[in-house]
Each structure stands twice: as C-alpha cells, then as structure tokens.
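The exercises below ask you to work through a structure step by step, each with a task sentence and a solution. Please keep the sequence and the model open while you read.

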Amino acid sequence: MIQLIINGQPERLEQALTVHALLEARQLAGKRLAVERNGEIVPKGRHAETLLADGDRLEIVVAVGGG
Amino acid sequence: MNDSLVIAGKSYGSRLLVGTGKYKDFDETRAAIDASGAEIVTVAIRRTNIGQNPGEPNLLDVLPPEKFTILPNTAGCYTADDAVRTLRLARELLDGHALVKLEVLGDPKTLFPNMPETLKAAEVLVKDGFDVMVYCADDPIQAKMLEDMGCAAVMPLASLIGSGMGILNPWNLRLIIDQANVPVLVDAGVGTASDAAIAMELGCDGVLMNTAIAHAQNPVLMASAMKKAVECGREAFLAGRMPRKFYTADPSSPTSGLIGS
C-alpha cells in the first residue's frame, strides 16, 4: 500500500504502480496530458518505467479553455 | 501583399490571436475560432479529472495542435515559480513546443501583472529555451527590459483583462511600439471591433483577445468582425493616415468654378 497526492487529493494505491499503469487505471492513458512528479516533469517516454513511490506528489494536467 | 506577423522566427498570416475560454461549449469555441481566422490560440493548463469523469472531451481534440499554434498561458499564476512550472508542464503536454504566453498576476481584482515576478519568470524561461510572449504593464521601461531579456513579443494591456473597456492608453502603447524591435501585441481590454482597429492603427503588430468574442451576443459573428477590424486597422496603419489639421478645415471639392461667381 502506498499513499500519494494526485492533483492535491490524497490517494491510496494497493501496490506501487508506474505512471503509465496509474494513467491506464484512471482511463487517462493516451490522452493529451502532462505529468509532474515531486516538482519534476515525467516525460511521456518515461511513463512506463517511472515507478511511483510512497509520498509522491503528482500533478496531471491538460489544456483547457483560457485567454 | 505579404505582410505576415513573425514571432520567434515563424510567420503567421493572421494578426489576430484568440483565447479559448468562456465559450458555451467546444462547438462554439471552434466555430468562433474558425470565423476569426486566428492561427495562434491560447489555452490554460489545469489539473485533469483523475478518472471521475472518463471520456470528458479534450480541448486539443477540438483544436488540434497540427492545425493551430497552441499558445499555453499561465493565467491564474501569482508567482514566477508557479508560472515557470506551469509552462514546463505545457511544454511536455505539447511535445516540446516552445512558444508560450507568460502572465504573472498581481491582484485578483484588476488582474494587473506583477511585473517584478513577470521579469523573474521571463528570465528563467528564456534561459530554458522558451519563446516567451509576455503580458505586461503598459510601461515602456519594463517592456524594453523584457525585450532585452530575449522575450519573443511584448503584450501590454490596453485596459483590464475581460473588461472590454477598449484602448485606454494609446500614448503609452505608442511609446512601447516606437521603441520595440520585437512584435508588440495588445493583450487584454478590447471590447468591440473598433478597439481592435484602433490598436492596429497605433502600429501594434497584433491583438490578442478572448472575452470580446466569447461574451458577444453572437460570438461567431463578432469573431468575423474582429478578423476584419484587425485587417482594416493594419491596412490603415500601413497606408499612413493623413496629418491632423487642428482648427482648420480643408475643402475636398474645388473652390473655383462655382455657379453664380
């Protein structure tokens, strides 16, 4: 069991997942988005190899309407 | 006439840049943007839903980056650090795309820029390889500092963001335009087509707007009006207006050959 903060919300995962697996589990895989982990960008090419750890803070963002 | 707008080495046929906020839905967004003829469209960067709302439509499916130049902004950021972080996420989101709109706000009531934080963020972003179009105060000194720092374009406000108050500072805009060696765009304040024309007649290289189109009664028709206003203002600027003659009329018709003379 690991605990994360995703987009400001506390979340528990049964096991440590990769970024890619997390996105798949949330039906976000393949969407146009960007991920930051503990203040550092996780490039798309590394989603599959980046294993999340207890206490990680993730930001997952998309483009929305704005001026 | 080839009169393209060049920003960071890339040419654009349209001098109207538009935002994508405040529309009723994505269909209206796309219809208005198509009517505006804009090639550069701004977007905001926000947290996604994390599975609560699967299948939610994505703005970039409506405005594909293959067709439009997407200009991610830092709207809502009040510190240089937040703005830089947001744009690094945007660059990752857009596969390494470097053109960005920096805005660091100073006050939620006026949305005036916090210029010290803006300058700080601009310096970091330029060093990090971004092409920075920067929302700024209508202060010629700080506009020049941003240019000297390496910003790709300076974008002073003409009046408050979303206010539709029009061009309240033509003299300051002229001072900024006259000294600038990078494109100067009015970003914020335009309310209707004549405002956009005035900005262009002053010599601005372009106009960026959102609310004036999105909050018009008929956004698609206003987008079309803005397209024409920017073009007509640009042509009037290039044509060069006649000098103003204060207190002296000058008849357009011949003064001789009148009947009864």
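**Exercise 1: A charged pair within chain A**

In this predicted model, the side chains of A:R26 and A:E11 form a salt bridge, with 2.9 Å from N to O. Determine in which elements A:R26 and A:E11 lie.

Solution. Begin with the distance: a salt bridge requires the nitrogen and the carboxyl oxygen to be within 4 Å, and the pair A:R26 and A:E11, at 2.9 Å, meets that condition. Next, place each residue: A:R26 is in the loop between α1 (19-25) and β3 (34-37) of chain A, while A:E11 belongs to strand β2 (residues 9-13) of chain A, so the pair ties together parts that are 15 residues apart in sequence.

**Exercise 2: The build of the two chains**

Describe the secondary structure of chain A and of chain B, and decide how the radius of gyration of chain A agrees with that of a compact globule.

Solution. Start with chain A, whose secondary structure consists of one helix and five strands, arranged along the sequence in the pattern β-β-α-β-β-β. A compact globule of 67 residues would have a radius of gyration near 11 Å, and the 12 Å of chain A therefore agrees with it. The C-alpha trace of chain A spans about 40 × 25 × 20 Å along its principal axes.

The C-alpha trace of chain B spans about 85 × 40 × 35 Å along its principal axes.

**Exercise 3: Where the chains meet**

Work out how much area chain B and chain A bury between them, and which elements of chain B give two or more residues to the side that touches chain A.

Solution. First take the extent: chain B and chain A bury about 2600 Å² between them, with 55% of it on carbon and sulfur atoms. Of the area that chain B buries against chain A, 28% is supplied by B:R47, B:I50 and B:E92, more than by any other three residues. The contact involves 31 residues from chain B and 27 residues from chain A.

Second, consider the polar side of the interface, where 15 residue pairs are in polar contact and six salt bridges are counted between the chains. One of the salt bridges joins B:E92 to A:K44, whose closest N and O atoms are 3.9 Å apart.

Third, assign the elements: β4 (40-47), α2 (59-62) and α3 (80-93) of chain B each give two or more residues to the side that touches chain A, and the largest share, six residues, comes from β4(B). By class, this side of chain B has ten nonpolar, eleven polar and ten charged residues.

Last, look at the strands, since β4(B) also pairs with strand β5 (residues 57-65) of chain A in the antiparallel sense over five bridges. Within this pairing, B:V43 in β4(B) is the bridge partner of A:G65.

**Exercise 4: A loop residue of chain B**

Locate B:D205 and list its contacts beyond its neighbours within four places in sequence.

Solution. B:D205 is found in the loop between α7 (193-201) and β10 (206-209) of chain B. Leaving aside those neighbours, B:D205 is in contact with B:L5, B:R15, B:V182, B:P183, B:V184 and B:M200. By comparison, the C-alpha atoms of B:D205 and B:G51, 154 residues apart along the chain, are separated by 43 Å.

Key:
Residues are numbered from 1 along each chain as its sequence is written. Chains are lettered from A and ligands numbered from 1 in the order in which they are written. This is a predicted model: local features need pLDDT of at least 70, side-chain atom pairs count only at pLDDT 80 or more; totals for chains, interfaces and linings use all residues. Side-chain values use heavy atoms; hydrogens and water are left out. Contact means heavy atoms within 4.5 Å. Buried area is the accessible area (1.4 Å probe) that two parts lose on being put together, summed over both. A polar contact is a pair of N or O atoms within 3.5 Å; within protein, one must be able to donate a hydrogen and the other to accept it, and residues adjacent in sequence count only if both atoms are side-chain atoms. Helices (H or I, at least four residues) and strands (E, at least two) are DSSP runs, numbered from the N terminus. Ala, Val, Leu, Ile, Met, Phe, Trp, Tyr, Cys and Pro count as nonpolar, Asp, Glu, Lys and Arg as charged, and the others, Gly among them, as polar. Two strands pair if DSSP finds at least two bridges between them. The radius of gyration is taken over C-alpha atoms; the globule rule is 2.2 Å times the number of residues to the power 0.38.
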